[in-house]
Amino acid sequence: MRDIDSFAKQYPVTPDGIKFPPDHKLRRELFVSESMNHPAKMNLYLLQEIYRHVGEPGQTLMDISSGTGSLMMAALEGYQVICIEIEKVFYEMQKASLAKLGAEHGLDVGRVILIPGDCTKFLPIPSNHVVFSPPYAGVCNRGRSAFNEKARRLLSRNANQDAVVEGFFNYSAHPDNLGNLSDYFYNRQMAKIYELCYRSLPVGGTLTVVIQDKTDKGTVVELSSRAASMCVAAGFTVARWFMRQVKGTGLKALQRKKGFLTIDTENIIILVRQ
């Protein structure tokens with residue numbers, strides 16, 4: 001792992017953490033346009049800093065909840081990449097993006113393995129580093145009720161409104177998606193997943209969890225601390241803990257304007273198997 005001072009040193013640091021630039025242009029360049037509709041995309045500049053920080057070309061990186069397959073960009077720098085995705089629509093999107101990376105950017109597509117399905121059915125898989133952003137317990141059920149007519153009107157300023165809404169519902173279509181679980185069963189399943197990640201890694205291998213806390217009835221729920229505790233229970237040691245500024249737009253900006261509590265930071269927790 002590179003020295004701590006090398007992480008994102010070219011980007012400004014704010015009171016809310018490191019400020020990465022918008023990645024829309026880069027994402028459109030590398031991935032198919034449909035990938036823009038995923039509701040929980042990892043910032044590509046953040047992702048790039050993570051895998052460059054923890055690993056080196058030639059090593060194997062794995063994302064166990066890979067969404068649009070953003071980690072495939074690391075294959076352009078010589079990494080081997082494994083992406084596991086439970087939702088069929090996003091798995092198909094990954095295949096299309098992989099073809100684009102090969103045709104337009106000269107990627108050796110053999111550097112990437114795409115696996116459709118529930119990660120618990122495949123792990124452990126040998127890899128050097130795992131990087132992923134876990135889904136949130138119950139977010140799918142709560143989110144569906146939130147997308148009522150009022151929310152749709154608020155989103156009407158977005159020319160891609162229908163695609164954004166469709167992307168949200170596709171996020172949790174599979175019945176085994178973790179986002180469909182209650183807090184209790186979600187936590188049990190995540191504890192199992194972190195153990196499987198531990199078993200996938202060699203000594204010195206890393207697990208990077210990118211996770212945002214949430215609010216509930218005006219109070220902050222520290223999902224990041226909960227995730228870190230489960231990882232430590234699985235055998236990991238916390239090596240780095242960074243913050244990223246995520247001011248957001250749209251509904252979040254409106255909530256902030258009306259005085260509601262919002263979470264404006266994202267946690268990047270890097271853990272090591274000792």
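Guide: Welcome! Contact here means heavy atoms within 4.5 Å, and the model we are looking at is predicted.

Visitor: Which residues in H8 do the residues of H7 meet?

Guide: Let's start on the H7 side, where Asn187, Met190, Ala191, Tyr194, Glu195 and Tyr198 take part. By class, the contact of the two helices has eight nonpolar, one polar and two charged residues. The partners in H8 are Arg226, Ala227, Met230, Cys231 and Ala234.

Visitor: How are H7 and H8 oriented to each other, and what is the hand of their crossing?

Guide: The axes of H7 (residues 183–200) and H8 (residues 223–234) come within 9 Å and cross at roughly 50°. Angles under 35 degrees count as roughly parallel and 65 to 115 as roughly perpendicular, and the two helices are therefore oblique to each other. As for its hand, the crossing of H7 and H8 is right-handed.

Visitor: Is Thr206 buried or exposed?

Guide: You will find Thr206 in strand E7, which covers residues 206–211. Buried means under 20% relative accessible area. Thr206 has a relative accessibility of 1%, so Thr206 counts as buried.

Visitor: Which side chain joins that of Thr206 in a polar contact of 2.7 Å?

Guide: Leaving out residues up to four places away in sequence, Thr206 touches a set of residues that includes Met1, Val54, Asn128, Leu201 and Ile270. His129 is also one of the residues that Thr206 touches. The side chain in the 2.7 Å polar contact with Thr206 belongs to His129.

Visitor: Why is helix H2 largely enclosed by the rest of the structure?

Guide: The buried residues of H2 (residues 44–54) include Leu44, Gln48, Glu49, Tyr51 and Val54. Among the elements that cover the buried residues are helix H1, strand E3, strand E6 and E7. H2 is largely enclosed because its buried residues number nine of the 11.

Visitor: Which residue caps the N-terminal end of H2?

Guide: Look at the backbone nitrogen of Tyr45. A side-chain oxygen lies 2.9 Å from that nitrogen. The capping residue that supplies this oxygen is Asn43.

Visitor: What separates the C-alpha atoms of Glu29 and Glu104?

Guide: Glu29 lies in helix H1, and at 42% relative accessibility it counts as partly exposed. Not counting residues up to four places away in sequence, Glu29 touches Lys100, Glu104 and His105. Although Glu29 and Glu104 are 75 residues apart along the chain, their C-alpha atoms are separated by 9.2 Å.

Notes
Residues are numbered from 1 along each chain as its sequence is written. This is a predicted model: local features need pLDDT of at least 70, side-chain atom pairs count only at pLDDT 80 or more; totals for chains, interfaces and linings use all residues. Side-chain values use heavy atoms; hydrogens and water are left out. Axes are lines fitted to C-alpha atoms, for helices over the stretch in contact, and angles run from 0 to 180 degrees between N-to-C directions. Helices (H or I, at least four residues) and strands (E, at least two) are DSSP runs, numbered from the N terminus. Angles under 35 degrees count as roughly parallel, over 145 as roughly antiparallel, 65 to 115 as roughly perpendicular and the rest as oblique. A crossing is left-handed if the near helix is turned anticlockwise from the far one by less than a right angle, and right-handed if clockwise. Ala, Val, Leu, Ile, Met, Phe, Trp, Tyr, Cys and Pro count as nonpolar, Asp, Glu, Lys and Arg as charged, and the others, Gly among them, as polar. Buried means under 20% relative accessible area, exposed over 50%, partly exposed in between (1.4 Å probe, protein chains only). A polar contact is a pair of N or O atoms within 3.5 Å; within protein, one must be able to donate a hydrogen and the other to accept it, and residues adjacent in sequence count only if both atoms are side-chain atoms.
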